[in-house]
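User: I'm new to this one. Can you walk me through how the two chains meet?
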Amino acid sequence: MAVLVIADHDNAHVRDTTHKTVTAAKALSNDVDVLILGQGAEAAAAQAAKIDGVRKVLVAESPALGKMIAEAVEAAVVPMMGGYDAVLTPATTAGKNFAPRVAAKLDVSQISDIVQVVDGTTFVRPIYAGNAMETVQSNEAKKVITVRTTAFKAAGEGGSAPVEKLAGGESAPKTAFVGEEMVKSDRPELGAAKIIVSGGRAMGSAEEFNKVLEPLADKLGAAVGASRAAVDAGYAPNDYQVGQTGKVVAPSLYIAIGISGAIQHLAGMKDSKVIVAINKDADAPIFQIADYGWVTDYKTAVPALMDELTKLGK
Amino acid sequence: MKVLVPVKRVIDFNVKVRVKPDQSGVDLANVKMSMNPFDEIAVEEAVRLKEKGVVSEIVVVSVGPAQAQETIRTALAMGADRGVLIQSDQDVEPLGVAKLLKAVVAEEAPQMVLMGKQAIDGDNNATGQMLAALLDWPQATFASKVEMSGDKAAVTREIDGGLQTLSVSLPAVVTTDLRLNEPRYASLPNIMKAKKKPIDVKSPADYGVDVTPRLKVLKVTEPAKRQAGIKVEGAADLVAKLRNEAGVL
């Protein structure tokens with residue numbers, strides 16, 4: 001049995017999510033190949049080759065694959081599946097976009113967002129915004145799986161897999177790339193951060209949101225997150241959103257400031273190792289899952305916290 | 001042009017779900033059900049396109065039990081023109097739904113299928129992409145903005161790290177993200193009018209589609225509970241605990 005992992009990368013770097021997906025793939029098979037779809041992705045391919053336990057790295061390039069256009073990914077991956085029993089990819093927005101398309105072309109059901117590999121045919125995945133866990137068995141000829149990467153440890157480095165270039169990448173005749181507007185940030189990426197400082201509607205404005213959270217995040221080397229309420233109110237950009245409809249994170253430390261803890265938010269962060277809640281409402285649901293709860297107004301709490309961190313030399 | 005909007009009847013998003021003690025699933029008896037929130041956004045977008053004169057007819061389709069008629073009525077009250085219910089008492093997986101939708105598309109010949117990015121029960125986020133694959137249509141998922149121009153749609157998509165705009169040739173499948181729009185409430189007169197709008201009731205067999213599940217659900221369990229936490233008294237207390245007890249600072 002051979003397994004293909006479609007890498008998450010930005011051409012220059014392979015993201016940590018790929019390493020985690022390799023771990024999930026290794027639970028299925030010893031023969032794990034990594035596929036890099038992109039454009040000008042030599043550096044990413046070289047990094048993928050170093051992931052421990054990878055048999056080989058395959059590279060397909062084209063402008064459409066560089067933007068991960070779903071039709072192009074489908075056209076590249078489906079013909080390769082003759083040689084594989086399963087294909088796994090991280091459940092990023094890109095992975096969620098193309099994987100079901102591949103599954104439908106192979107006429108198989110997709111297994112979305114797995115958090116555990118029980119055995120070669122059985123997987124655990126969250127449903128109902130993480131309020132229930134479903135164990136499913138798939139006897140499909142080919143398995144198409146997206147992986148909730150926060151549930152798996154990253155595969156180590158130290159491998160030296162051969163890199164193989166595939167001929168002519170695919171185009172997407174019915175889809176044209178128009179443009180991109182990426183949020184610029186010097187902070188760690190939300191999905192990979194060890195510490196996340198997250199704010200909610202209590203902040204009241206975008207200025208307040210940034211004024212309160214950014215210095216604290218900088219002090220802790222943390223990423224900044226937000227509840228859906230804060231994003232919908234325009235206090236924070238879309239891709240800061242932690243929750244069922246945003247990003248699912250599992251850092252070592254998650255500090256929720258002025259977040260009540262709606263079901264949809266908890267679905268995105270309840271697997272964090274340590275959760276701290278700062279909220280002036282003692283009845284806020286966030287306190288039911290917080291390891292450390294501090295019932296107080298963030299306006300005084302955050303400066304006091306900053307002072308204590310300064311004392312520690314942070 | 002004609003738009004097809006698939007909608008799903010799901011547990012209301014405000015309801016705290018309970019897992020059945022026999023681990024066979026989630027308890028849905030006597031629980032409030034509603035239209036999947038992402039589908040409401042899809043209906044709203046279709047109605048707005050109709051109000052702009054871009055869309056001439058909106059057909060709503062649902063795959064589900066007889067009660068899914070209520071979900072279709074809600075969409076009709078929001079402004080859709082007519083409905084199709086494909087009645088099935090068993091849960092149909094995204095692949096099965098996509099195959100049924102493909103058959104409806106063949107019958108109705110819409111220029112666009114506008115649907116939610118995921119249902120909040122199965123959390124699969126797959127049906128729209130699967131439908132696009134089966135039809136060999138382009139797809140634009142997680143849409144936060146849709147602009148029609150002739151035989152193309154410019155769709156801004158929410159991706160990790162920001163926004164991406166794609167131009168897709170019609171016909172196409174577009175799936176909606178939360179920020180695409182704010183769905184309207186159906187007014188009482190419109191709810192009354194919706195009762196007169198037609199709903200065709202069909203079965204999967206009418207379309208010759210086999211909807212037997214491919215995945216076997218072995219069990220459904222409660223997620224692991226977190227241990228009850230403690231309250232801290234102040235910043236010094238919190239930092240000390242994070243450093244000494246939790247070891248995360």
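User: How many salt bridges are there between chain B and chain A?
Analyst: This is a predicted model. Between chain B and chain A, the count is six salt bridges.
User: Which residue forms a salt bridge with Asp232(A)?
Analyst: Arg179(B) does. The closest N and O atoms of that pair are 3.2 Å apart.
User: And polar contacts, how many residue pairs between chain B and chain A?
Analyst: The count is 45 residue pairs, with both residues at pLDDT 80 or more.
User: Which elements of chain B give two or more residues to the side that touches chain A?
Analyst: Among them are the helices α3 (94-108), α4 (127-135) and α6 (235-245) of chain B. Strands of chain B take part too, including β7 (139-149), β8 (152-159) and β12 (215-221).
User: What about residue types on that side of chain B?
Analyst: They divide into 37 nonpolar, 16 polar and 21 charged.
User: New topic. Which strand of chain A pairs with β12(B)?
Analyst: Strand β8 of chain A, residues 132-138. The two run in the antiparallel sense, over six bridges. In one of the bridges, Gln137(A) is partnered by Lys216(B).
User: What area is buried between chain B and chain A?
Analyst: About 6,700 Å². Carbon and sulfur atoms give 55% of that.
User: Which three residues supply more of chain B's share than any other three?
Analyst: Arg179(B), Leu215(B) and Arg226(B). Together they supply 11% of the area that chain B buries against chain A. Arg179(B) is also the salt-bridge partner of Asp232(A).
User: And how many residues are in contact?
Analyst: 74 residues of chain B, with 82 residues of chain A.

Key. Residues are numbered from 1 along each chain as its sequence is written. Chains are lettered from A and ligands numbered from 1 in the order in which they are written. This is a predicted model: local features need pLDDT of at least 70, side-chain atom pairs count only at pLDDT 80 or more; totals for chains, interfaces and linings use all residues. Side-chain values use heavy atoms; hydrogens and water are left out. Contact means heavy atoms within 4.5 Å. Buried area is the accessible area (1.4 Å probe) that two parts lose on being put together, summed over both. A salt bridge is a side-chain nitrogen of Lys or Arg within 4 Å of a carboxyl oxygen of Asp or Glu. A polar contact is a pair of N or O atoms within 3.5 Å; within protein, one must be able to donate a hydrogen and the other to accept it, and residues adjacent in sequence count only if both atoms are side-chain atoms. Helices (H or I, at least four residues) and strands (E, at least two) are DSSP runs, numbered from the N terminus. Ala, Val, Leu, Ile, Met, Phe, Trp, Tyr, Cys and Pro count as nonpolar, Asp, Glu, Lys and Arg as charged, and the others, Gly among them, as polar. Two strands pair if DSSP finds at least two bridges between them.
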